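Thanks for passing this one along.

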Amino acid sequence: MNFDPRFAGRSFTSVGTRPIRPDGVDKVTGRARYGADFNMAGQLVGRVLRSPHAHAKIRKIDTSKAEQLPGVKAVITAADLPDLTDGDAGMYDILDNCMARTKALYDGHAVAAVAAVDARTARQALKLIEVDYELLPHVTDVDEAMKHSAPLVNDAIFTEGLEQKPVKPSNVAKRSQFGHGDVHQGFGQADFVVERSFKTEQTHQGYIEPHACVASVSSDGTADLWVCTQGHFVYRQHCAQLLGLEASKLRVTSSEIGGGFGGKTHVWAEPVALALSRKAGRPVKLVMTRDEVFRASGPTSATSIDVKIGARKDGTITAAEATLRYTSGPYAGMWAELGAMTAFACYKLDNVKTVGYEVLVNRPKTAAYRAPSAPMAAFAVESAVDELAKQIGIDPVEFRIKNAAQEGTRSSYGPVYGPIGIGPTLEAAKNHPHMKAPLKENQGRGMACGFWFNFGGQTCTDLNIGMDGSVSLAVGTVDVGGSRASLSLVAAEELGIDYSHVKAIVADTSSLGYNDMTDGSRGTFSSSMATISAARNAIRVLRERAAQMWDVPVDDVHWEQGHAIARGEKYGNLSPLSLKEIAAQSGKTGGPIAGHSELVADGAGVSFATHICDIEVDPETGATRVIRYTVVQDAGKAVHPTYVEGQYQGGAAQGIGWALNEEYIYGKDGRLQNPGFLDYRIPVCSDLPMIDTQILEIPNPNHPYGVRGVGETSIVPPLAAIANAVSNAAGVRMTHIPMSPPRILAAIEAEREG
Amino acid sequence: MVEVTLWGSLGALAGGQSKVEIEAKDIRELFRKLAEQYPGLEPLIEKGIAVAIDGTIYRDTWSKELPEGAEIFLLPRLAGG
């Protein structure tokens with residue numbers, strides 16, 4: 001990579017402004033095309049048959065009657081998706097999740113699929129498929145699943161991470177541990193110790209757009225996939241591997257995306273659609289219903305967490321310890337590990353220990369959800385921190401400031417921090433007018449901080465300059481929150497032209513080199529780095545062309561504010577050449593002008609946020625109302641402040657839903673009881689106050705503009721901030737998320753009864 | 001020679017050590033020599049391990065140099081949403 005990513009400390013013309021996003025008009029007028037909006041001639045309707053059982057052996061599947069139904073063009077089972085994963089355990093899990101092979105592992109697990117001429121025929125065909133199940137005992141609760149007596153979800157899983165290899169299979173796929181110092185000694189130095197257990201229920205990312213795709217496999221072995229995804233290059237890799245296709249022969253085009261938040265980071269139905277198309281010889285459109293989205297796609301973990309924190313009278317934390325148990329669905333994951341890494345990351349601790357357990361249960365395969373695993377850990381830790389501050393008699397903000405990590409602090413997950421923003425976010429929260437606003441009866445205020453890593457990854461970008469001087473920017477990271485606007489600003493900044501002359505698109509997988517998906521808060525961080533690099537490469541070409549037009553050495557030509565300048569006394573009479581003038585002559589100076597970049601954008605800076613929340617609790621019903629909410633977060637550099645604020649507000653809104661209402665409810669039969677937005681209640685506009693935001697800019701030293709990722713951290717503090725607010729309003733410590741009215745009422749009544 | 005710190009669970013696969021010393025100029029050489037000296041680590045390296053150099057986390061830049069005296073810390077490869 002011939003590119004210096006270090007922070008340059010420059011001033012900006014375009015970056016930091018707030019133009020309208022290029023996809024805005026299409027989205028508000030309904031012209032934008034999402035996953036289900038694409039159609040092909042002769043396309044069939046795909047539908048999936050799902051297990052009604054939480055855990056069952058599949059003895060036999062008879063598809064003959066369905067195949068004979070007029071209008072049915074293909075029926076597939078796991079036999080049509082043979083195992084081509086070559087020992088890759090992670091991919092095998094994805095394959096098994098797309099189509100159950102020997103066992104149905106959760107209510108909603110796909111067992112067969114059909115492609116038919118219309119939806120009615122497809123539904124009829126599903127009813128004609130006969131599946132012979134042998135029911136098995138199931139387990140859905142995280143703590144129950146850890147018991148020795150629990151039914152085994154997968155008897156091939158032996159706990160990893162133990163010093164001695166276990167001899168018996170277990171529902172605990174892995175144990176992980178982080179920390180430093182001696183917590184036993186640390187607790188010995190403490191004057192106050194808080195020790196509590198917490199639970200959080202499973203939630204869904206709640207993206208409004210369901211999973212949707214159109215697949216078309218040709219008889220010559222090439223294929224097209226139009227799909228709603230956070231990473232079309234990753235989907236191409238997954239689908240190509242699972243179907244035995246050459247990646248270059250599968251072109252994947254990403255549609256607009258109606259939310260993903262981590263839930264669209266690996267394939268669910270897409271290999272099924274491709275397999276159906278391959279068998280039917282016609283394009284197949286497969287769109288999940290909301291019921292299917294809930295039952296069979298990406299929820300986050302349910303958790304059970306024990307926290308113990310000790311501090312001296314002067315407010316110094318002496319030791320911190322947590323045990324974190326996270327469900328991962330029926331497959332191994334790294335969710336508890338991430339919780340264990342992030343739990344105490346906000347604090348400067350001499351003695352800290354966290355242990356994580358990945359727990360298999362008969363629930364859908366856990367997927368990432370915006371800063372995966374960190375919100376639940378933060379809920380437990382920040383609740384205990386608040387309680388400890390209260391015991392000591394110190395203001396909770398001052399307590400956090402006193403113990404906040406800073407540059408040079410050894411993080412709880414290991415390395416020493418560089419420049420970080422936890423201290424400034426806490427100071428900003430302390431000085432925010434929100435903290436001083438009066439509260440009324442039954443209202444409580446809570447605050448909490450949160451941490452997330454962020455990362456970069458493989459990125460490829462093309463920048464093409466048309467003969468009219470306008471610029472096309474082709475990126476490979478899916479735009480989930482306004483990145484096309486941000487990246488256009490970056491291109492305009494580098495080239496020295498107006499934003500309105502740049503048009504950014506998300507290119508398909510056959511038009512651009514590989515890009516990692518838009519996750520880990522990497523979209524704008526990574527693609528802005530690649531855009532800067534591509535623009536600088538284009539500027540080099542522009543300088544060369546200007547040198548030709550002037551017939552001067554290229555080394556004497558410089559680029560300033562969108563113009564080539566010939567520097568030197570002998571060029572005094574040469575007027576600067578604008579980008580537009582150089583582009584107009586490109587056909588005569590060597591052809592098209594373009595800049596390309598491929599790089600690995602590593603060095604994403606870690607991110608911190610502090611949230612403040614006011615809640616009113618009705619002591620008669622346990623109902624809550626969010627009165628006021630403020631987000632303070634470090635963005636490094638906000639390229640497009642409006643969309644940074646949007647990320648902050650979006651994370652807070654999702655966190656409010658998670659904290660107060662959202663919950664997967666399973667019956668004793670292991671079936672999901674509330675797979676719809678009527679019974680699984682995400683917040684709507686009337687549930688939310690205007691969420692105030694404050695952007696801090698502490699530059700990331702590993703990005704030319706200082707950019708940090710901003711997409712995920714905003715969901716980390718809300719569960720804790722809201723729990724602290726509710727606890728203060730209700731006068732009782734809340735330890736179970738969501739804090740739905742019945743749970744709050746029960747806590748209030750239990751407190752009254754002593 | 002750089003000193004490399006392994007996260008808690010990783011140490012068990014390196015003979016119970018939490019720190020190892022490796023002669024390596026960059027991440028690529030570090031991974032190669034770790035796999036040679038501690039074969040138990042190889043499957044994890046294959047799956048992906050991140051390297052923190054003086055606090056900055058690198059997931060994919062295997063050409064990144066390991067400066068003399070830098071703090072080198074191995075971490076699980078992160079997932080994101």
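**Notes on the predicted model**

1. Let me start with a helix pair: α15(A) and α16(A) are roughly parallel to each other, a label that covers angles under 35 degrees, while over 145 is roughly antiparallel, 65 to 115 roughly perpendicular and the rest oblique. Helix α15 spans residues 483-495 of chain A and helix α16 spans residues 523-550 of chain A; they pack at an angle of about 30°, with their axes 9 Å apart. Here axes are lines fitted to C-alpha atoms, for helices over the stretch in contact, and angles run from 0 to 180 degrees between N-to-C directions. Helices (H or I, at least four residues) and strands (E, at least two) are DSSP runs, numbered from the N terminus.

2. A word on the model itself: it is predicted, so local features need pLDDT of at least 70 and side-chain atom pairs count only at pLDDT 80 or more, whereas totals for chains, interfaces and linings use all residues. Residues are numbered from 1 along each chain as its sequence is written, and chains are lettered from A and ligands numbered from 1 in the order in which they are written.

3. Which residues make the contact between α15(A) and α16(A)? From α15(A) they include Ser483(A), Leu487(A), Val490(A) and Leu495(A), and from α16(A) they include Gly523(A), Thr531(A), Ile532(A) and Ile539(A). Two residues are in contact if their C-beta atoms, placed from the backbone, lie within 7 Å. By class, this contact has seven nonpolar, seven polar and two charged residues. Ala, Val, Leu, Ile, Met, Phe, Trp, Tyr, Cys and Pro count as nonpolar, Asp, Glu, Lys and Arg as charged, and the others, Gly among them, as polar.

4. Now compare α11 (residues 374-392) and α12 (residues 396-403) of chain A, whose axes come within 9 Å and cross at roughly 110°. These two helices, α11(A) and α12(A), are therefore roughly perpendicular to each other. Val385(A), Asp386(A) and Ala389(A) of α11(A) meet Pro396(A), Phe399(A) and Arg400(A) of α12(A). That contact has four nonpolar, no polar and two charged residues.

5. Do look at helix α8 (residues 270-280) of chain A: ten of its eleven residues are buried, so the helix is largely enclosed by the rest of the structure. A residue is buried if 20 or more other C-beta atoms lie within 10 Å of its own, exposed if 12 or fewer, and partly exposed in between, with C-beta atoms placed from the backbone. Among the buried residues are Glu270(A) and Arg278(A). Just after α8(A), Gly281(A) has a positive phi of about 75°.

6. Gln43(A) sits in the loop between α1 (24-29) and β1 (44-50) of chain A. Gln43(A) is partly exposed, with 19 other C-beta atoms within 10 Å. Beyond its neighbours within four places in sequence, Gln43(A) is in contact with Val214(A), Arg282(A), Pro283(A), Val284(A) and Lys285(A).

7. Finally, the chain contact: 35 residues of chain A are in contact with 22 residues of chain B. On the chain A side, β7(A) gives the most, with five residues. By class, that side has 15 nonpolar, 13 polar and seven charged residues.
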